[in-house]
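Here is a short report for a reader who is new to this structure. Take a look at the model before reading on.

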Amino acid sequence: MGTFQSMFLRHVKYILYLLAIYTLGVGFTPYKTVFLSLILGTVISLFMLWNLTWKIEKFGQAVAARKKVRTLGTLSRLALAALAAVIVLTYPQHFAIVPTVVGLMTSYIVIIIDFLFQKWKKDKLHA
């Protein structure tokens with residue numbers, strides 16, 4: 001398995017851990033709206049991460065084969081974020097906008113933290 005795939009699987013694992021924590025938050029705290037919103041945003045964020053990973057794989061293959069390069073799917077990610085907003089605005093009794101937006105940013109936050117951790121680990125090995 002390539003480095004890119006292992007990195008993607010590591011990110012998915014971290015996001016699934018977060019989703020498990022959010023699910024416990026729904027079940028055991030009075031903040032159901034906050035945790036449901038985090039779950040909604042994070043699930044959509046996970047789908048956007050998978051979609052971006054798939055598009056990057058196709059992008060790399062097209063570049064290697066010297067074919068015409070297609071877009072990385074910014075419009076589809078914006079559409080998914082708009083879908084999350086529509087769901088939140090349609091069901092305000094179950095969801096809140098701020099935790100949903102935080103959930104939408106989860107995959108990017110996980111990528112940044114994982115990058116910093118991997119860099120720290122690599123620097124520690126070479127020191």
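## Helices, a loop residue and a surface patch

Helix α2 covers residues 32–64, which is 33 residues. From first C-alpha to last, α2 reaches 47 Å, close to the 48 Å expected at 1.5 Å a residue. The expected span is 1.5 Å times one less than the number of residues. Helices here are DSSP runs of H or I with at least four residues, numbered from the N terminus.

This is a predicted model, where local features need pLDDT of at least 70 and side-chain atom pairs count only at 80 or more, while totals for chains, interfaces and linings use all residues. Residues are numbered from 1 along each chain as its sequence is written, and side-chain values use heavy atoms, without hydrogens and water.

The chain has a mean pLDDT (the predictor's confidence in each residue, from 0 to 100) of 92, and 98% of its residues reach 70 or more. Among the elements, α4 has the highest mean and α5 the lowest.

| Element | Mean pLDDT |
|---|---|
| α4 | 97 |
| α5 | 92 |

R66 follows α2 and lies in the loop between α2 and α3 (74–90). Its phi is positive, about 55°, although R66 is not a glycine. Most residues other than glycine have a negative phi. R66 is exposed (over 50% relative accessible area), at 78%.

I97, V98, V101, V102, M105, Y108, I109 and I113 form a nonpolar surface patch, with about 680 Å² of accessible area together (Shrake-Rupley method, 1.4 Å probe). Helices α4 (97–104) and α5 (106–126) each give two or more residues. α4 gives the most, with four. V98 lies in α4 and is exposed, at 57%.

How values were computed. Patch = residues over 30% accessible without salt bridge, like charges linked within 9 Å, V, L, I, M, F, W, Y side chains within 5 Å. Salt bridge = Lys/Arg side-chain N within 4 Å of Asp/Glu carboxyl O. Buried < 20%, exposed > 50% of the residue type's maximum accessible area, 1.4 Å probe, protein only.
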